[in-house]
Amino acid sequence: MPRRLHLHLIDSTPPPSPPPVSPPRLRWRALLPAALLAGFYLLPWLRWNGRQALLFDLPGRRFDLFGLTLWPQDLGVLLGLIAVLATSLVLLTNLVGRVWCGYACPQTLWSGLFRRIERGCQRHLRSPRLAATIKQVAWAGVALWTGITYVGFFSPIDQLVTSLWPLAWSGWEIFWVLFYALATWGNAGFLREQVCIDLCPYARVAPLLSDADTPQICYDARRAEPRGARAPGQGGVEERGRGLLDPVSASDYAFRAAHPALAGPMPRFADDRLGDCVDCGACVDVCPMQLDVRNAPLPDCIACGACVDACDAQMRAQGFPEGLVKVASENAMRQQPQRWLRPRTLAALATLMVLLAVGLHHL
């Protein structure tokens, strides 16, 4: 009998849980910047019919674009291509939000690369002075190679690299390599969010291109508020039966938490009355713009999704549903139907169609 009981206990032991797997969106968000940076550094090395595939040859007054050669009299084609790209960016912004800022903007890409170098030095080097020195050396190397790559789109990259030592560059090549290197080193290493907030014209225009149906980073205050730490294992608001707050109360709690000096201290709540936000600060720690997504609206948010991933990780650790911070439109958060026929969308789409039609007609 004891033996049967022993076997029964062994059979009832649950199997070990599998190791956690990163969601697919985390993997592609990590791979996309690496792919774009690699594409930038490799693009000037591509060859097409024996010539550099992409080259603005200013002394020769020709522009090679993957087999298509544009001469000064073809300036209208180049301006038309720029107009198509600009209109496409307007349409993309209206439909899916600021994905350019969050995933493809050079400032975002190089700032992220410099942050990874900085964190890697701090993590692997015990001496703070040595870590700071190695960081600056690595930053300078990346910035210098970035400057060489930029100039490589205007001067043949192979000649530029082979004449690096001994240095045989022209005065203009030296000037522009150092200019772009210093710009990369300063913008990505030190200015970072100030470039997006104070210097970028697209950041000022982007809110005008959006509407109530444009996706953005949203904080579900009705489910999250009032925020606060609590003992683990109590379940989310749906499990506890508290449900969602009304919009006015949720907005009031979020405002009071964001402006304690103005609104006064928050009242204390029992654990079963708290929302799903545990006030861990993870969303703020990972934000490259040093913003708190809970203090919406945030016109300076670049919609990179770092806060979404950080919050979802905390929700999984607490056993709560994901989506406390998510990508959604203003109408979606209000549970209103999405509109497809919108004035800004139709205007951008019509302009793009006209530009493409004119371009095809002149080919």
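1. Start with two helices. The axes of helix α3 (residues 75–96) and helix α10 come within 9 Å and cross at roughly 60 degrees. Axes here are lines fitted to C-alpha atoms, for helices over the stretch in contact, and angles run from 0 to 180 degrees between N-to-C directions. That angle makes α3 oblique to α10; angles under 35 degrees count as roughly parallel, over 145 as roughly antiparallel, 65 to 115 as roughly perpendicular and the rest as oblique. The crossing of α3 over α10 is right-handed, meaning that the near helix is turned clockwise from the far one by less than a right angle.

2. A word on the source. This is a predicted model, in which local features need pLDDT of at least 70 and side-chain atom pairs count only at pLDDT 80 or more, while totals for chains, interfaces and linings use all residues. Residues are numbered from 1 along each chain as its sequence is written, and side-chain values use heavy atoms, with hydrogens and water left out.

3. Which residues of α3 and α10 make the contact? From α3 come L89, V90, T93 and N94; from α10 come Y202, A206 and L209. Contact means heavy atoms within 4.5 Å. Five of these residues are nonpolar, two are polar and none is charged. Ala, Val, Leu, Ile, Met, Phe, Trp, Tyr, Cys and Pro count as nonpolar, Asp, Glu, Lys and Arg as charged, and the others, Gly among them, as polar.

4. Now the charged pairs. The structure holds 15 salt bridges. Each is a side-chain nitrogen of Lys or Arg within 4 Å of a carboxyl oxygen of Asp or Glu. R51, R62 and D64 are linked in a network of them.

5. R342 forms a salt bridge with D211, with the closest N and O atoms 3.0 Å apart. R342 lies in the loop between α17 (330–333) and α18 (343–361), and D211 in the loop between α10 (201–209) and β6 (216–219), so the pair ties together parts 131 residues apart in sequence. Helices (H or I, at least four residues) and strands (E, at least two) are DSSP runs, numbered from the N terminus. Both R342 and D211 are buried. Buried means under 20% relative accessible area, exposed over 50%, partly exposed in between (1.4 Å probe, protein chains only).

6. D213 and R339 also meet in a salt bridge, at 2.7 Å from N to O. D213 sits in the loop between α10 and β6, R339 in the loop between α17 and α18, 126 residues apart. Is each end buried or partly exposed? D213 is buried, at 1%, whereas R339 is partly exposed, at 40%.
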